Amino acid sequence: MLKTVLAAGAVAGLLAVAGQAAAAEVQVKMLDKGPAGMMVFEPASAKLKPGDTVRFVPTNPGHNAESIIGMLPPGAEVVKGPMNKELVVKFAKAGVYGFKCAPHYGFGMTFVAKVGDGGPNLASAESAYAKAPPMAKKRLTAALAQVK
Ligand SMILES: [Cu+2]
C-alpha cells in the first residue's frame with residue numbers, strides 16, 4: 001500500500017517537472033528601429049503553447065504593449081502595459097492574440113501570438129483588424145502569415 005502511494009507521488013512529481021520544462025518565455029523587444037523597419041516589436045510574432053509567456057521589454061523608450069481590441073479569443077483578458085515598462089503576459093487559452101504599441105499603431109508597431117492551434121478566433125483574426133491603420137494592417141497580415 002505504502003509502495004503504491006510513493007509510486008503515485010513520484011509520477012505526479014515527474015509530471016510537474018515536465019510541465020515546468022514545457023512552459024517557455026519569449027522576449028519581445030520594443031524598438032525604434034529593427035530589421036523589419038521603424039517602430040517594431042522584435043520578433044513581430046511567436047508561436048506559443050498554452051501556459052507560455054511573452055515578456056515585452058522596453059529596449060528603447062517611448063513604447064508600450066497592449067491588446068488590440070477584438071484580436072483575442074473570447075473570454076481572454078485585455079491587457080494594457082504602461083509606457084516604458086516591461087509587460088509580462090501569460091497565455092492560458094489557445095487563440096490568436098494581437099498587440100499594439102499605442103503611440104505607434106499608425107506606424108504599424110504590432111505583434112501577434114498564436115497560442116496552441118490558434119483557438120476559436122484563428123479564422124476571425126484578420127477581420128478583427130480590418131479597419132486598422134494601413135501600416136498596422138500590413139504588418140499584422142505578415143505576422144499572422146508567419147504563425148499560421
Ligand atoms: Cu512604439
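Does Phe111 count as buried or exposed, and at what relative accessibility? Phe111 counts as buried, at 0% relative accessibility; buried means under 20% relative accessible area, exposed over 50%, and partly exposed in between, with a 1.4 Å probe and protein chains only. The model is predicted, so local features need pLDDT of at least 70 and side-chain atom pairs count only at pLDDT 80 or more, while totals for chains, interfaces and linings use all residues. Residues are numbered from 1 along each chain as its sequence is written, and side-chain values use heavy atoms, with hydrogens and water left out.

An open sheet of 4 strands runs in the order S2-S1-S4-S6 with mixed pairing. Strands are DSSP runs of E, at least two residues, numbered from the N terminus, and two of them pair if DSSP finds at least two bridges between them. S2 (37-42) and S6 (87-90) stand at the edges with a single partner strand each, so one side of each has no neighbour in the sheet. Within the sheet, S1 (residues 25-34) and S4 (residues 53-57) pair in the parallel sense over 5 bridges, and Lys29 stands opposite Val57 in S4.

The structure also holds 7 aromatic pairs. Rings of Phe, Tyr and Trp (its six-membered ring) pair if their centres lie within 6.5 Å; planes under 30 degrees apart count as stacked, over 60 as edge-to-face and the rest as tilted. Phe91 and Phe99 have ring centres 6.1 Å apart and planes at 85 degrees, so this pair is edge-to-face. Phe91 is buried at a relative accessible area of 1%, and Phe99 is buried at 2%. Between Phe99 and Phe111 the centres are 6.1 Å apart and the planes at 50 degrees, so that pair is tilted. Phe99 lies in S7 (residues 95-100) and Phe111 in S8 (residues 110-115), so the pair ties together parts 12 residues apart in sequence. Ring pairs link Phe41, Phe56, Phe91, Tyr97, Phe99 and Phe111 into a cluster.

These six residues also have the most contacts inside the largest nonpolar core, which has 22 residues. Such a core is a set of buried Ala, Val, Leu, Ile, Met, Phe, Trp, Tyr and Cys residues joined through side-chain atoms within 4.5 Å. S1, S2, S3 (45-48), S4, S6, S7 and S8 each supply at least two of its residues, and S8 gives the most, with 3. Apart from this core lies another, of 13 residues, among them Met71, Ala125, Ala136 and Val147.
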